[in-house]
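Here is a short report for a first look at this structure. Please keep the sequence and the 3D view at hand while reading.

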Amino acid sequence: LDANWRWLKGYAEASTPDPTAWRELTFDDAAWALAPAPFWYGDAQSSPETRITDMQNNYRCIFLRHTFVVPTPEDFGALTLEAACDDGFVAWINGEPVARYNVPDGELGIGALALTYAQEPVPYLGYPLSDPLRYLRAGTNVLAIQVFNSTLGSTDLVFNGTLTGTVDETAPAVL
């Protein structure tokens, strides 16, 4: 929680000509701002935080990227993304979709909206991420999240999250 993220305002797609490239580990996000979560406007959040002052009536989403290191992916039996979000998001690890909340199915561009506004106060919810060996890599990984509002004129937006892993301590079966 309250980690530093690379982030970009959703005035345009985060990457072109491939609008999905920003979700990949190899994407160069050096030009993106680095700022602490939670990201918000409308409903004040605790410090540290990044207040977004120009989103209402201007753009519908923000893009977030956070890198993390996993020495041995095989050690993890499970991962959980815990997030507080007003209104919706899609999350990817190394380009693989791993969680979505309150958004339509399928690919979502900058014109997409969350399905409805979030109930307040916004709770932290846990999203169990299945089969971590499918998308985790030994070494550096990236968690990419696109956060959506429910309307262009929405009066608020909030996102904060954390990714936790459960070490698999089950001994392998010997046949």
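## Terms and model

Buried means under 20% relative accessible area, exposed means over 50%, and partly exposed lies in between (1.4 Å probe, protein chains only). By that scale Asp131 is partly exposed, because its relative accessible area is 45%.

This is a predicted model, where local features need pLDDT of at least 70, side-chain atom pairs count only at pLDDT 80 or more, and totals for chains, interfaces and linings use all residues. Residues are numbered from 1 along each chain as its sequence is written, and side-chain values use heavy atoms, with hydrogens and water left out.

## The sheet

Helices (H or I, at least four residues) and strands (E, at least two) are DSSP runs, numbered from the N terminus. Two strands pair if DSSP finds at least two bridges between them. Strands of a sheet pair through backbone hydrogen bonds, either parallel or antiparallel.

Six strands form an open sheet here, in the order 2-1-5-10-7-8, and the pairing is antiparallel. Strand 2 and strand 8 stand at the edges. Each has a single partner strand, so one side of each is left without a neighbour in the sheet. On average, neighbouring strands of this sheet are turned by 30° against each other, direction ignored. The axes behind such angles are lines fitted to C-alpha atoms, for helices over the stretch in contact; angles run from 0 to 180 degrees between N-to-C directions.

Look next at strand 7, residues 88-93. Strand 7 pairs with strand 10 in the antiparallel sense, over six bridges. Ile93 has Leu143 of strand 10 as its bridge partner.

## Two residues with positive phi

Asn102 is not a glycine, yet its phi is positive, about 55°. It sits in the loop between strand 8 (96-101) and strand 9 (124-129). Is Asn102 buried or exposed? Asn102 is buried, at 17% relative accessible area.

Contact means heavy atoms within 4.5 Å. Leaving aside neighbours within four places in sequence, Asn102 is in contact with Asp87, Gly88, Ala114, Leu115 and Thr116.

Asp131 also has a positive phi, about 50°, although it is not a glycine. Asp131 lies in the loop between strand 9 and strand 10 (139-148).

## Cis peptide bonds

Thr16 and Pro17 are joined by a cis peptide bond, with omega about 5°. Pro17 is in the loop between strand 1 (4-9) and strand 2 (33-36).

The bond from Ala37 to Pro38 is cis too, and omega is near 0°. Pro38 belongs to the loop between strand 2 and strand 3 (39-41).

## Cysteines

How many disulfides does a search of the whole structure find? It finds zero. A disulfide here is a pair of cysteine sulfur atoms within 2.5 Å. For Cys61, the nearest cysteine sulfur is that of Cys85, 12 Å away. Cys61 is buried, at 0% relative accessible area. Cys85 counts as buried as well, at 3%.
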